[in-house]
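Have the sequence and the 3D view open as you read.

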Amino acid sequence: MNKELILAMIFSCCLESAYAGKYRPENAEPLSIIYAQAPVESKPFNSDSRAPSQTLYRIELNTLYAFDVAKDLNLSDNLYNYEVKNGKEDSGRVNIPQVFQDIIEVALKGSGIFVNAYESLLNPAFSAWLTDAQAEKLRYDEKISEIRQVEGKDRAVFSGKSEFSSLSTKAVPVGWPSTYVNTTTAFSGNRVYIVDGGTSGAHPALTADVNFTEYANPMGNPHYPSIFERYHTPHILSVVGGRGNVVRGINPGQNVKLYNKDFNNIDWDPSTATSTQDKIFWALQLAARNSEDSSEFSSLALSSNQAIFDYQSTVEKNQSALLATNLWGWTLRQASNRFFITNSSGNYDQNACYTAYTYNNQFGNTAQINDGIMVVSGIDATGNVFLSGTNDIPGVPASDSAVSRPTWGECIEVWAPAKDIPGISYSTGAQRLSTGTSYAAPIVAAIASRYGNSSTRPIQREQFIRENMVATGYYDHGFAIKAAKYSSNSSSVPYYLNPLSIYAPGTSANLKSILSNGKFYPPTNGGAWFYSNNSNQVRLIVDMGSNNNIVSGVRITPVTGSNNKTGTLTVTASNDPNSFIGGLAMYEAHVSNLAPIYYSVQNSNARYFQIAFSSDDSNLGISEIEMYGK
């Protein structure tokens, strides 16, 4: 029996099915269509195959479903296998996975829906022209994970609005976390991303109360989590978006994208692991690529932290697994192109620089402003660091579920509620209380997601959180505790400034469409996506069009052949494009592929800005330049 016939048999009912309980619970609410402010609608009928009543949509198939199909048909070897070799993406393998095309093509057979374009390298996503009736029908198919209208005027800008469910009519009272961080007002808007475990086997109350979609690495292997891990993810999801049937979250009804780090390959020592062996690498890559495919900037919470151990002697190495030069830290830096990221500091009662994200584990250079990443510690309802707590898991002795006080030190940048946080129980679906910084990080991400829209950059959301932090009056190991709060105040948040042109000195070609398009990764359809002159130096001029703006910062995303090289970045302002004098050189210790670098400018209102970037990498490039100011 040939492959097409087998696929046809499996998918013959693909777009006709109701929820069967395999990929979405039987009682789950249908998907919400994400509407655009100016959707692409078909022109009056001519020689093309579209009817006047059709609109362009981007549609994603469920990745768990894609994995099952590939496994059943022994097609796993054809799946796209994203690798990093010598610290660089193996661009020779950047091809749309043929198996995704096979699945999409046959899944649509007989439905009257035709692929307009394949939209993703890492997910079975495609665009198609749909009638209202066809789009409505897809909402009830459990093999579909997202339906989004394509924006007409600018595909890089979406409304950030969706048909999010309102509070339950039997909503539970507002809990102390929402009251403490000032998020008691209704919320309907931007989504948030979570990287954590899966929800397989969770009580149906979770799906009834939280509007989330789960994604996984199609190349991965199922991981069977411990009892602690099983309770971890449902609690985090409900803390963020519980509608109020069981738990009222920070943003009730918020759309959440969950990336299952446990449905991946075995977790090796992150200081030496290759990308195909590591679960957090894959989850972050999937989230970032999916975000870019959707032309969406957002917030992301990673409630994972770990010190590196010598697995031969089981001795701690006094180094964080999330150190910027390690695989996890580098991947977190890459993902910060698209996300404002919050990372939980951990409950280890030791210096957080040994457990959470840190730029450099030499104290004094551990956390950076304007890197799009913040490490979050936990407090109780008084605003002080919690000293102990419990996970409250049925059948687990209190001594085994006890939680130590959180980590502390130079790497922590913000604090949020973490003591006795209400969430949904994995096993019973009832409300339970749990303690840990794992809840503080997603609370800050949820607060940040309230600001702006799907075009708001990570730097802007980070500054929004910093602007509204409030000192609680307490200190931890000599550091003033500053709690995250929601506020309408955003006076210090810089604007993203849109340049008129970007060009190399002595040339006239405008590189803006490549270097200022909100895209950081190799495109699905190939083509130019970064600038390089095939040397270890890049020099570019950014023309702002006038001197009416006050530029306060420049962020560049380098393209390199290897990681952790040293480099120098200099930005010089001028009103004469032929004369650039001065400019302070900023030394960068860890120039790595697609890991952005921020340069502070002394509030210059010049029209032209020369960017001079050099590294000891022999083939240096830039994929994106972001200008910030007022």
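Which side chain meets aspartate 543 in a salt bridge? The partner is arginine 607, at 2.7 Å from N to O. A salt bridge here is a side-chain nitrogen of Lys or Arg within 4 Å of a carboxyl oxygen of Asp or Glu. Aspartate 543 sits in strand β24 (residues 537-543) and arginine 607 in the loop between β28 (597-604) and β29 (608-615), so the pair ties together parts that are 64 residues apart in sequence. Helices (H or I, at least four residues) and strands (E, at least two) are DSSP runs, numbered from the N terminus.

Before going on, a word on the source: this is a predicted model, in which local features need pLDDT of at least 70 and side-chain atom pairs count only at pLDDT 80 or more, while totals for chains, interfaces and linings use all residues. Residues are numbered from 1 along each chain as its sequence is written, and side-chain values use heavy atoms, with hydrogens and water left out.

Back at our pair, how covered are the two partners? Aspartate 543 is buried, with a relative accessible area of 6%, whereas arginine 607 counts as partly exposed at 26% relative accessibility. Buried means under 20% relative accessible area, exposed over 50%, and partly exposed in between (1.4 Å probe, protein chains only).

The structure holds 18 salt bridges, so let's visit two others. Lysine 257 pairs with glutamate 146, their closest N and O atoms being 3.2 Å apart. Lysine 257 is buried at a relative accessible area of 1%, and glutamate 146 is buried at 4%. Both belong to one network of salt bridges that share partners, whose members also include Arg148 and Arg191.

Next comes glutamate 292, which forms a salt bridge with arginine 338, the closest N and O atoms being 2.9 Å apart. Glutamate 292 lies in helix α8 (residues 279-293) and arginine 338 in the loop between α9 (327-335) and β13 (339-344), 46 residues apart. Glutamate 292 is buried at 7%, and arginine 338 is buried at 0%.

Finally, turn to helix α10 (residues 437-449). Its 13 residues should span 18 Å at 1.5 Å a residue, and its end C-alpha atoms are 19 Å apart, which agrees. The expected span is 1.5 Å times one less than the number of residues. Helix α10 is mostly covered, with 13 of its 13 residues buried.
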